[in-house]
Every structure is written in structure tokens, then in C-alpha cells.
Amino acid sequence: MTVRILLADDQESVRVGFRLILGSQPDMEVIGEASDGLQAVELAAKLNPDVVLADIRMPRLDGLEVTRRLAGPDAEHPMRVVVVTTFGLDEYVHTALRNGACGFLLKRSGPTLLVEAVRAAMAGDTLISPSLTVALLQHHRDAGRPVQPVDALTGRETEVARLVAKGMTNAEIGAELFISAGTAKTHVANVQRKLSVRNRVGIAAWIWGNGLEE
């Protein structure tokens with residue numbers, strides 16, 4: 001299956017670079033480009049891409065609002081949105097994830113991580129630039145103890161949560177625990193529900209906040 005991607009960035013040079021990187025993948029195709037946020041929303045409705053890569057600072061609508069409209073709780077047909085930006089400010093990351101983003105990358109992260117972010121989005125995972133992950137976990141740990149108690153999860157679910165906190169994908173978790181990727185995905189979904197968190201960063205924060213990291 002070819003992953004159909006929409007690029008949204010007001011800098012043509014960035015769009016050209018991303019198109020070259022993603023277009024070199026045999027299973028990826030850039031089907032549209034938007035130079036501002038409003039155009040991105042309009043093209044997304046028209047083209048129905050599998051993944052939208054959205055910059056934060058764009059004219060008319062910024063990437064955070066684009067994410068909310070395309071992937072947020074009020075979106076009629078939620079899409080996979082990966083936010084790609086020069087700015088790693090904590091408030092941007094938190095807002096993007098609250099608005100439904102399934103990835104947050106710094107533009108300096110490099111081509112490999114860009115491709116991995118698209119693949120992770122398609123697999124139902126959340127990929128965040130490693131430097132930002134550390135900051136996010138530190139923020140959650142400094143904010144106090146998690147709401148859910150340590151015994152909120154079963155033993156197997158805690159194992160899965162620990163591996164999520166290490167940044168593993170569902171496939172990697174499955175290989176580590178000798179279970180299928182589908183079973184790992186089910187465990188992750190159950191963990192998110194029990195902990196009342198929206199994404200894998202929330203799971204990692206719970207592990208770190210309870211001192212359960214290995």
C-alpha cells in the first residue's frame with residue numbers, strides 16, 4: 001500500500017526537501033502541498049491523505065489549529081497529522097498532542113526520523129523527536145505524581161507500558177514479549193484507557209512518575 005502524504009509548510013525549500021526524502025521511499029507518495037494552514041485544511045478535505053505533515057508557523061492558520069481541525073476530537077473524519085517544526089517549545093508539543101497529533105518532529109531531526117514518523121503514524125504509534133521526549137517526561141515528573149495508582153495495570157500491561165516508555169513501537173514490543181504486533185497494540189490501547197491518557201507520551205509519563213522505568 002502506498003502512503004499518500006500532504007505537505008503543509010510556508011517555505012517552498014522545506015516542501016521540496018520533504019518531497020525528495022519521502023518520494024524516495026517505494027511506498028510513499030506526496031499527493032499535495034499547501035503553503036498556508038487554510039489551504040492545508042482545504043486540500044486535506046479534497047485529497048483525503050493518509051498522513052499530513054504540518055509546520056507550526058504558517059499564514060492564515062497555524063499548524064496547531066490545522067491539527068485540531070483535522071485530528072482533534074471535533075474532527076468529523078480524523079486524520080493522522082505529524083507536526084514538524086523548527087521550534088521545540090513545550091507548550092507547542094503539549095498543544096499539538098492535545099489537538100490529536102500523532103507525531104512531533106523538529107526539522108533538524110533528519111530524513112530517517114521523518115520517514116519513521118510517517119510509518120509510525122500509519123501503524124497507530126506516536127513518534128516524537130528524542131530530545132523533546134526527555135523534556136516532556138521531565139515536565140510530567142516535575143508536575144507531581146500520576147493520578148492513577150501503581151496497581152492500575154496488570155503485570156503484562158505494566159511490561160508493555162515500560163517498553164512504551166523506552167520508545168518502542170508496537171512491532172518492537174511484540175518481538176520483545178513474544179506476542180504479535182496486533183496484541184501489543186491492544187495492550188497499549190488498554191493501558192491508555194486505564195490510565196486515562198491520550199497517547200504514548202502519557203503512558204511514558206505515568207511510568208516515569210511512578211518510578212517504574214528500568
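Select β4 (80-85) and β5 (103-106). The two strands run parallel and are joined by 3 bridges. Strands pair here if DSSP finds at least two bridges between them. Helices (H or I, at least four residues) and strands (E, at least two) are DSSP runs, numbered from the N terminus. Pick Val 83: its bridge partner in β5 is Phe 104. Then pick Val 84, whose partner in β5 is Leu 105.

A word on the model before going on. This is a predicted model, in which local features need pLDDT of at least 70 and side-chain atom pairs count only at pLDDT 80 or more, while totals for chains, interfaces and linings use all residues. Residues are numbered from 1 along each chain as its sequence is written, and side-chain values use heavy atoms, with hydrogens and water left out.

**Around β5**

Stay on β5 and show its side chains. Gly 103 and Leu 105 lie on one side, Phe 104 and Leu 106 on the other, and all are buried. Buried means under 20% relative accessible area, exposed over 50%, and partly exposed in between (1.4 Å probe, protein chains only).

β5 and β6 run parallel, joined by 2 bridges. Gly 103 has Leu 127 as its bridge partner in β6. Now include α5 (residues 111-122). β5, α5 and β6 form a left-handed β-α-β unit. For reference, a crossover is right-handed if, with the strands pointing away from the viewer, the path from the first strand over the helix to the second runs clockwise.

**Back through β4 to β3**

How many of its 6 residues are buried? The count is 5, so β4 is largely enclosed by the rest of the structure. β3 and β4 pair in the parallel sense over 4 bridges. Leu 53 finds its bridge partner in β4 at Val 82. Trace the chain from β3 through helix α3 (residues 63-71) to β4: this β-α-β crossover is right-handed.

**The whole sheet**

Show all strands. The open sheet of 6 strands has the order β2-β1-β3-β4-β5-β6, with parallel pairing.

Axes are lines fitted to C-alpha atoms, for helices over the stretch in contact, and angles run from 0 to 180 degrees between N-to-C directions. Contact means heavy atoms within 4.5 Å.

**Two loop stops**

Go to Asp 9, in the loop between β1 and α1 (12-23). Is Asp 9 buried or exposed? At 4% relative accessibility, Asp 9 counts as buried. Its side chain makes a polar contact of 2.9 Å with that of Lys 107. A polar contact is a pair of N or O atoms within 3.5 Å; within protein, one must be able to donate a hydrogen and the other to accept it, and residues adjacent in sequence count only if both atoms are side-chain atoms.

Finish at Gln 25, in the loop between α1 and β2. Leaving aside residues up to four places away in sequence, Gln 25 touches Val 115 and Arg 119.
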